[in-house]
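Subject: Structure for your review, with notes on cavities and helix packing

Dear colleague,

Please find below the structure that I am handing over to you. My notes come after it.

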Amino acid sequence: MQPHATAEESVPPTAIESPLISYRDEATGERVDLTARQVGAWSARSASLLRDGCGLGPGSRVAVLLPPHWRTAVVLLGAWACGLAVSFRPRATAGLPVLEPGGDRPFDAVFVTPERQDDWLEDVPDAPHRYLVGTGPGRLVDVPLGWLDWSAEVLRHPDVTPDHTAIHPSDPASADGTTYGQWGALAREIAGMLDLRAGDRLLVDAGEHEQPLKWLLAPLSAGASVVISANLDPARRDAIVAAEQVTRVL
C-alpha cells in the first residue's frame, strides 16, 4: 500500500471532485492528491503567511527555488495572489550566480529545499524570511538556525483568501519584470503548443521539467489537471499513463 501525506496536508478527493494536482514519488511510494478546492485552500494559507506573517505585498520579491511539487504549486500561487514578483530560477551551476534584470535588489523571502540549501553548487539568495520546504511527507526534523519549516509555519495561517489585493496585468509577476499579463499569454501559448484542453490530465516528469510555466501555469490556464511524477522510471511511464488516465505527457 502506498503511503499518503498526513491528514492535515491532504484529504483524499471525493468521488465528485477529481484531483487538480497529483504528486507521486516513484521511489518512496508517496502520493498526494489535491482537488481544486484543496489547492485553493493551501494557496490561501501560503498567501496569508506571506502577507500577514511576513508583511509582504505588491512590490515585494520572493525567490522560489523548488522542484515540481504540490507544495511548490501552492507557494507560487499564494505569492501571486499577493501580487508578489517571483523568481523561480532553475538550478545554478558550479556556484555561479544566476543573473536577471533587477538581480541587484534583495529578496524579501526565499523558499528552498534542504538539499539545495546545503548544496555548495547552488546560489541561494539571502532574505529576511527564509523557509525550507521539504519534498517528503510531514515536517522537517532538523531546521538550521535562521530558517523556518514552511510546512509548520503555513498551518498557523487560515485557509481563506486574504483581503483582495489589486493585481493588474501590467504588474510584475516575476523578478525579471515579466508581467502577469505576459505570463498568462505565455502559459496559454504553451498550452496550445501542447494541445492541452479542459479535462486533460498532464503527466510531468519532475526531473526533466523544473520551469513552472510548463508544468503548472500552462495546464491550469487550459483547465487541465497535473500529475507530477518524481523519480520517474521511463520503463514505467506507460503504466502510469494508464493508471492515472493521462491524456498528455510533458
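The notes below cover helix packing, a cavity and a pocket.

This is a predicted model, in which local features need pLDDT of at least 70 and side-chain atom pairs count only at pLDDT 80 or more, while totals for chains, interfaces and linings use all residues. Residues are numbered from 1 along each chain as its sequence is written, and side-chain values use heavy atoms, with hydrogens and water left out.

Helix packing

Helix H1 (residues 36–53) packs against H2 at an angle of about 55 degrees, with the axes 7 Å apart. H1 is therefore oblique to H2 (the class left after under 35 degrees for roughly parallel, over 145 for roughly antiparallel and 65 to 115 for roughly perpendicular). Axes are lines fitted to C-alpha atoms, for helices over the stretch in contact, and angles run from 0 to 180 degrees between N-to-C directions. Helices are DSSP runs (H or I, at least four residues), as are strands (E, at least two), numbered from the N terminus. On the H1 side, the contact (heavy atoms within 4.5 Å) includes Trp-42 and Leu-50, which are among the residues that meet H2.

The axes of H2 and H6 come within 11 Å and cross at roughly 70 degrees, so these two helices are roughly perpendicular to each other. Their contact is made by Thr-72, Ala-73, Leu-76, Leu-77 and Trp-80 of H2 with Pro-212, Trp-215, Leu-216, Leu-217 and Leu-220 of H6. These residues divide into 9 nonpolar, 1 polar and no charged (nonpolar: Ala, Val, Leu, Ile, Met, Phe, Trp, Tyr, Cys and Pro; charged: Asp, Glu, Lys and Arg; polar: the others, Gly among them).

Cavity and pocket

The whole structure holds 2 cavities of 30 Å³ or more. On a 1 Å grid over the protein atoms alone, a cavity is a set of points where a 1.4 Å probe fits but cannot get out, and a pocket is an open set with protein on both sides within 12 Å along at least five of seven lines; lining residues have an atom within 4 Å of a point. The largest cavity has about 60 Å³ of space (the space filled by probe spheres set on the points, which are joined across faces, edges and corners). Its lining includes Thr-72, Leu-76, Pro-212 and Trp-215.

The second largest pocket has about 200 Å³ of space. H5 (180–193) gives the largest share of its lining, 5 residues, and H2 and H6 each supply at least two.

Kind regards
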